[in-house]
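Hi,

As promised, here is the structure for you to look through. My notes follow below it.

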Amino acid sequence: MSEASSAPPTPAEQKDGPAPSAKNAAKKEAKRLEKEAKLAAKALKTAAATPAGEKKVKAQKEKKEEEAPFVNTTPKGEKKDLSEPMAAGYNPIAVESAWYDWWEAQGFFAPQMGPDGKPKKEGTFVIPSPPPNVTGSLHIGHALTVAIQDTLTRWNRMLGKTTLFVPGFDHAGISTQSVVEKRLYKSSGKTRHDLGREKFLETVWDWKNEYQSRITNQLRRLGGSYDWNRVAFTMDESLSKAVIETFCRLYEEGILYRANRLVNWCVHLNTTLSNLEVDQKQLTGRTLLNVPGYDVKEKFEFGVITSFAYPIEGSDEKIIIATTRPETMLGDTAIAVHPNDPRYTHLHGKFAKHPFLDRRIPIITDDIIVDMEFGTGAVKITPAHDPNDYEVGVRHNLEFINILNDDGTLNENAGEYKGMKRFHARVAVVKALQDAGLYEGATDNPMQIPICNKSGDIIEPVLKPQWWVNCKPLAEEAIKRTRAGELNVQPKSSENEWYRWLEGIQDWCISRQLWWGHRCPAYFVRIEGQNQDATDGKHWVVGRTLEEATARAEKLAAGAKFTLEQDEDVLDTWFSSGLWPWSIMGWPEKTTDLEHFFPSSILETGWDIIFFWVARMVLLGLRLTDKMPFKEVYCHAMIRDAHGRKMSKSLGNVVDPIDVIEGLSLEALHEKLHEGNLDEKEIVKAKAGQKKDYPKGIPQCGTDALRFALCAYSGGGRDINLEILRVEGYRKFCNKIFNATKFAMLKLDETFVPEPSAKPTGKEGLVEQWILHKLNIAAKEINQQLEERNFMVATGVAYNFWLYELCDVYIEAMKPMSDESAPEATRKSAQQTLYTCLDHGLRLLHPFMPFVTEELWQRLPRRPHDPTPSIMVASYPTFDDASVFVEAEKNFDLVFSAIKAGRSLAASYNLQTDIQFWIRAQTDAEAQLFESQAATIVALTKNCKTTKVIRELTEIPEGCGSAVLTPTVAIYLLVRGLVDLDNEIAKCDKKLDLAKMSLDKILKLEAQPDYENTIPANVRLANEDKRKTLEADIANLVLSKEMFAKLK
């Protein structure tokens, strides 16, 4: 028999009996249910050990599967009718129905203001939800975000603060355009160019509306208490106005500028990317890779360095250089050598001849780009296609020759290679060098190659005229204000990265060659009769309106005729979402929302976008509003699958939170793969992954279990390996809460009325004081852990209170206190304590588990004069000095240690019936304590018949097993006639040897010279307690050995 750890013996599987919610449940009915629960538990245990039992369990499961699915009959927005009896068991779909619509209809999600129309004196808590992309449905990572953010919002709301949780959506320029283009081509074989810009954008808006609706439904199902009256979309009119204002203001202040510079060009997406959107793939040497846009059977060589020679003009001499990108030699405009390298002194100022183009290539000296010790000491310079070479080109005023078209083919500057795709050209150039006798060889070269993290394409550095933000002055201000304490970045590991990135920040290219997004409010002023260069910013104007841009153009044209041509490019998505915390409050207008709810209290997001998004909000926020946009940044972990792999559609491990909430068969999981843009090979691979991870599909877990599990995973690490079985485990915890509350409410009869206050009356018994103290400690700890953003510990405290303190101990211990034979005052006090534990226990859980706590809390009676309509606006329990019972905790912990020792003894002797304990207490206080708690010990020990308290050794019956609790307390279990005496004597000898060995160690330690002076007092005291306990244990073992010997 193991230590009791199950829920109270509630009729979890019962299908009959009166509803626990009915307050007129008779006391006899409560006793009957207790008895039936015990019989049911016993039957289940017996059944588990026999084949026949297995059939019985299976039959029960089959019966459960035949039950009709739940249908919500509550009219939308109305309060759920709870007058009917509680269900036989916990059904998350039934429990979670109707509450969200009622909360919203009641206005609980809107910020509650003070009587003066301003935020309440308790404070303000504002959290702007990171807007999910409208590219598709939410995945489990978004569920983590919602779980953490809504937990904080609900907690702060219950603390009495004015709270605002703003929902919204991001247009996600590149991602959304890409997914719509794929779907368009897959369904019709057409491209966006076939439709034209206007028609294509209509298609994207249709997509956006469809998926925003889907995501909204998911956010509601996840229980997010968003103020839907303030829902925002990055391309709404008001937010678009903020984008235009930002662009114009930064341009006017000289922070935003236009320049022809190298950008990260994704051929596959046909757009520029920021550095943050480029991943670096590490290669250890020669590697063959597929490249998007090429035949899947084609692979190209990377991770090698190719050496070739340039002929020197006017001589037979050659100069050897090396490159990892041979095709770029078609854009070479110089060869650099070190000015102090004697090998090339005679070539200074000379020219090399390009073997395939009519181009003279100057040999220049540069001590920055060239390392004399590396390779041949000569470096080819391609200013238009390499960041380092670009700097050399600027320093030496070299020609910048672009050889690449936007689609990845070579242009007319590549001569005979014009029209050839870039990696085909790589192969062709190498072959041509070989044919010309200029090829020197190729060797493995460990290196990184830039990869588009959207498409997987190889990034090309290309010269493009774009709009840029000078980030240096913005970053300097952000660093200064963060170090001044205006921003707290959690966890600290993210803070270190924060400073490192800001200190090394580069200018930000914000132009994107897309159609979907905010079009740049910039106009090229084409002046009649002038030869103008559109690559720089001299002939460009910006304008908040066309009228403002025209007025500026008139000034620039100085009376000449002109036309305005708006830039075709759109802005980087992060430029608009970087304005999120204040643009959703109405900026640049001076609104009341901006006054009351900006800056935000916290920005919670994944650490993976701290630079994409969080840093840019800080940079822009400080510049535009002179305020840090939020006081705290909390970075949650990245969710991976149970194997630690990144979530990927092609692996089949991307999980829709609704599937976890409702459950989904393996076949249905397979079917969902066809809804996306995966090709057939990827679908086959994904199905295999799903079959391996979810052979029986995903079990139904419910929202509360999912939220609680995700918070329980959040302990400050950078990765979460999510196991759905763990989520299912928390569904069982919900079931435990449901059944415990259902059973406990049977104890609240028709005469029960809660006290007006939750404060103790002073008449509580020991176990009541103990549980109220534990409840108080739990409230203190959960509040502290939520304040520190340690969700793992906070959920653990709530879990332990409900499972191991309320269910396992108090609800069991109160049985004799609530028995008919107990005094009325005792019964009523036990009921009041139970009510307080249920009331406050549900409140403690509510931020994590909003639905089941509301369902159960609504079934509890209210205290007199308490009009609170919902648990979500009830006050959150906090530490109360009146509920501190330190002495009671100490005393009941001693009693409970006797219970655990007694259970362990019974288990060690395999004793399951007629358990009889004798507790020897050597002090008056301990004897009185155990005598007062004898009934509790019997109640908390299964099949315990009696517990007697004795003072003398002579009172111990012969034939007892024993365990020492303290030097003055021991517990004895009668086992006479039930054990092998020789075996028990041998056990005593073994335990004696171990105890004597441990005692010798302590005695030697205490006998050391200067022990009193060198060992801290608390350690000496602990050693003394150990010594006394071991001495008592040895004496007890000797006694037991002698006792067993006499019985032989």
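In which sense do strand S10 and S11 pair, and over how many bridges? S10 (residues 304–311) and S11 are antiparallel partners, with six bridges between them; strands are DSSP runs of E of at least two residues and helices runs of H or I of at least four, numbered from the N terminus, and two strands pair if DSSP finds at least two bridges between them. Within this pairing, Pro 311 has Lys 318 in S11 as its bridge partner.

Before going on: this is a predicted model, where local features need pLDDT of at least 70 and side-chain atom pairs pLDDT 80 or more, while totals for chains, interfaces and linings use all residues. Residues are numbered from 1 along each chain as its sequence is written, and side-chain values use heavy atoms, leaving out hydrogens and water.

The open sheet runs S11-S10-S16, with antiparallel pairing. S11 (318–323) and S16 (439–444) are the edge strands, each with a single partner, so one side of each has no neighbour in the sheet.

Finally, helix H5 (residues 140–158) has 18 of its 19 residues buried (under 20% relative accessible area, 1.4 Å probe, protein chains only). Just after H5, Gly 160 has a positive phi of about 95 degrees.

Best wishes

Key:
Buried < 20%, exposed > 50% of the residue type's maximum accessible area, 1.4 Å probe, protein only.
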